[in-house]
Amino acid sequence: MAEFTEELRNIFDVHRLVFRIGELSAMTGVSARQLRYWEKKGLIHSREREDGQQARVYAFKTFVLVSMMKYFLDQGYTLAAAAEHAQKRQDNARILHRFIKQGIQGFADIDGQMALNMGRFDDQQTLMALIPEEGPVTYQLLPNAEAQRVTRQFPA
C-alpha cells in the first residue's frame, strides 16, 4: 500500500510540471512580453533551469497565479490589485492543500454512507464527516479505535 501511495504521489507531483514562457502564454492568454514584465516587477518568478539553458520555465503554481491574475485583470482590476487578489487566493489554496494533506486521514463507510476521517477530535474520539450523495455534510464522533478500523487509507 505504501509503495502504491508513493507512486501516486510521484504521478501527481505538480512540482515537476514546468512550462516554457510560450507554453505559459498559450495556456493563460497572457503574452510572453507581459509575462516578462510581470517577472521584472516581481509579481511572478521563473524557475532556475537545471539543464543550463537560458529559456525561462515556470512552475505549476506560477501557472495558477498567472491564470488568477488574468482573471482579475479581465474583471477590471489594476495589475497591482489583480496580483494582490491572486496572491491571497493562492495563500488560501496553500492552507487548504495543507489541511487536505495533513488533516484528512482517509475514507470510511459508516452505515453505508461515504465518510472522511478528519482526524482525532480529542484523546478518545475521531471526527468523521459523513458525505451523502445529496444534502448537507454532517459530522459524527467515533471512538478512535472504531474510526481507525473503518478508515481506508488513501488512495481508495
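Modeller: Helices (H or I, at least four residues) and strands (E, at least two) are DSSP runs, numbered from the N terminus. This is a predicted model, with residues numbered from 1 along each chain as its sequence is written.

Biologist: In which loop does Ile-131 lie?

Modeller: Strand E5 covers 125-130, and strand E6 covers 138-143. Ile-131 is in the loop between strand E5 and strand E6.

Biologist: Is Ile-131 buried, partly exposed or exposed?

Modeller: Buried means under 20% relative accessible area, exposed over 50%, and partly exposed in between (1.4 Å probe, protein chains only). The relative accessible area of Ile-131 is 32%, so this residue counts as partly exposed.

Biologist: What accessible area does the nonpolar patch containing Ile-131 have?

Modeller: Patches take residues with over 30% relative accessible area and no salt bridge, joining like charges within 9 Å and nonpolar side chains (Val, Leu, Ile, Met, Phe, Trp, Tyr) within 5 Å. A salt bridge is a side-chain nitrogen of Lys or Arg within 4 Å of a carboxyl oxygen of Asp or Glu, and accessible areas come from the Shrake-Rupley method with a 1.4 Å probe, where for residues only the protein chains shown count as cover. Besides Ile-131, this surface patch includes Met-114, Val-137 and Tyr-139, and together they have about 360 Å².

Biologist: How many salt bridges does a search of the whole structure find?

Modeller: One of them joins Glu-84 and Lys-88, with the closest N and O atoms 3.3 Å apart. Another joins Asp-91 and Arg-94, where that distance is 2.9 Å. The search over the whole structure gives six.

Biologist: How far apart are the closest N and O atoms of Lys-70 and Asp-74?

Modeller: These two residues are four apart in helix H4 (residues 60-74), so about one helical turn separates them. Lys-70 is partly exposed at 22% relative accessible area, whereas Asp-74 is exposed at 53%. They form a salt bridge whose closest N and O atoms are apart by 2.9 Å.

Biologist: Which helix holds both Glu-84 and Lys-88?

Modeller: Glu-84 is partly exposed at 48% relative accessibility, and Lys-88 is partly exposed at 46%. They are four residues apart, about one turn, and both lie in helix H5 (residues 79-103).

Biologist: What relative accessibility does Arg-94 have?

Modeller: Asp-91 and Arg-94 are three residues apart in helix H5, so about one helical turn lies between them. Asp-91 is partly exposed at 30%. Arg-94 also counts as partly exposed, with a relative accessibility of 46%.

Biologist: Which residues is Gln-90 in contact with, leaving aside its neighbours within four places in sequence?

Modeller: Gln-90 lies in helix H5 and is buried, with 10% relative accessible area. Contact means heavy atoms within 4.5 Å. With the sequence neighbours left aside, the partners of Gln-90 are Lys-61, Val-64, Leu-65 and Met-68.

Biologist: What share of the accessible surface of the protein chain belongs to carbon and sulfur atoms?

Modeller: The chain has six helices and seven strands, and buried residues make up 28% of its 156 residues. Its accessible surface comes to about 11100 Å², and the share of carbon and sulfur atoms is 52%.

Definitions and conventions
Predicted model: local features only at pLDDT ≥ 70, side-chain atom pairs only at ≥ 80, totals over all residues. Heavy atoms only, no water.
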